[in-house]
Amino acid sequence: MTKEEIVKLLQQDMRDEHQAIIQYLGHAYAMPEGELRCAIEGVARDEMRHLDWLADAIAELGGDPSMERTPPDLTAGTPAEQMRKNVGLEDGAIAQYRAHVAAIPDPKIQRLLARILNDELAHHDEFEGLTHLAETEYAAEPAAEPAMPKQPPPRVAAILNQGIRHEYTVILQYLYHSFVAEGKEMAEELQNVAINEMQHMGWLSEELAEKGGVPEMEHTDLVLTRDPEEALKADIAVERKVTNDYTSQVNELADEDTRSLVARIRDHEIYHEAVFADLLEEHEEEEEAAERAEAAAEPQPERLEEPKPAPPTIPSIGSLIDKH
Ligand SMILES: [Fe+2]
Ligand SMILES: [Fe+2]
Ligand SMILES: [Fe+2]
């Protein structure tokens, strides 16, 4: 099996982890606050770690981490129905990881996939237990709902969904930039911001779901580049744009809670722009220093290769005498 073939299998695993993350989060946001929602979010966090490990393994093989996703099942359903869908998704993951462990003859990758498989087996059992919980404790909930389901004002739903799409987009974009980053500091900073954007996506989604709306878990265009300068410039631009959007939207929101939530997120975005600007400055300084070092180092090897000029000959007394 070639490296390219291994990368292809791991990219498939990444797409499926991405699917699981979004499917579980979509279900969690739509559920009432409580044990079930917490448990599903916990599993989604495990899947995010898997995504990260798979991306690192792909990058180490010289491949390109995939930010695509297999379509998640986000259709509405009772908590018990959603949990059964998720048990099914884990079944599929277990079968696929088993197949990939058997197919990939690289011990390090086999170890990684076996480690992930271990989690998926635990998720499967956890979801089965939660299905039972949903069938018993959560079964009575829909009947308790008012006859007319509540709905958010359309403009509020539009603002929150625009925010959700933005947050989802930058999560993927920053994760990719962190996966392909060469420096450790750059990778860590980008990942920290991506984690903060995950919180934003969660807060906005829960806010919308609480108002009876449905979070749209779709993203817009991603700037996927391996060039650090290009990446950071795109990241700064998107932060600046969303800061402006949130700032104007805050004034449109009448509900005090929603308003302060969006204002708080906007303040984080201002901070993110500063973090990226610092990273860009450091990167540019490093590049300049590297260029200077290269320029300083350049003439030396040439000098070494040049024939050494003969030392000036000091005429000896004898030679002077001989010449005459
Ligand atoms: Fe997973
Ligand atoms: Fe954000
Ligand atoms: Fe941000």
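What share of the 324 residues of the protein count as buried? The answer is 35%, where buried requires 20 or more other C-beta atoms, placed from the backbone, within 10 Å of the residue's own. The model is predicted, so local features need pLDDT of at least 70 and side-chain atom pairs pLDDT 80 or more, while totals for chains, interfaces and linings use all residues. Residues are numbered from 1 along each chain as its sequence is written, and chains are lettered from A and ligands numbered from 1 in the order written.

The protein has 11 helices and 0 strands, taken as DSSP runs numbered from the N terminus (helices H or I, at least four residues; strands E, at least two).

The largest nonpolar core holds 68 residues; such a core is a set of buried Ala, Val, Leu, Ile, Met, Phe, Trp, Tyr and Cys residues joined through C-beta atoms within 7 Å. Tyr-24 and Ile-171 have the most contacts inside this core. Among the helices that each supply at least two of its residues are H1 (3-30), H2 (35-60) and H9 (256-297). H6 gives the most, with 12 residues.

H6 (residues 154-180) also packs against H8 (residues 228-250): their axes, lines fitted to C-alpha atoms over the stretch in contact, come within 11 Å and cross at roughly 165 degrees. The two helices are therefore roughly antiparallel, the term for angles over 145 degrees. On the H6 side, Ile-159, His-166, Val-170, Gln-173, Tyr-174 and His-177 meet Ala-231, Asp-235, Val-238, Val-242 and Gln-249 of H8, contact being C-beta atoms, placed from the backbone, within 7 Å.

How values were computed:
Axes are lines fitted to C-alpha atoms, for helices over the stretch in contact, and angles run from 0 to 180 degrees between N-to-C directions. Angles under 35 degrees count as roughly parallel, over 145 as roughly antiparallel, 65 to 115 as roughly perpendicular and the rest as oblique. Two residues are in contact if their C-beta atoms, placed from the backbone, lie within 7 Å. A residue is buried if 20 or more other C-beta atoms lie within 10 Å of its own, exposed if 12 or fewer, and partly exposed in between; C-beta atoms are placed from the backbone.
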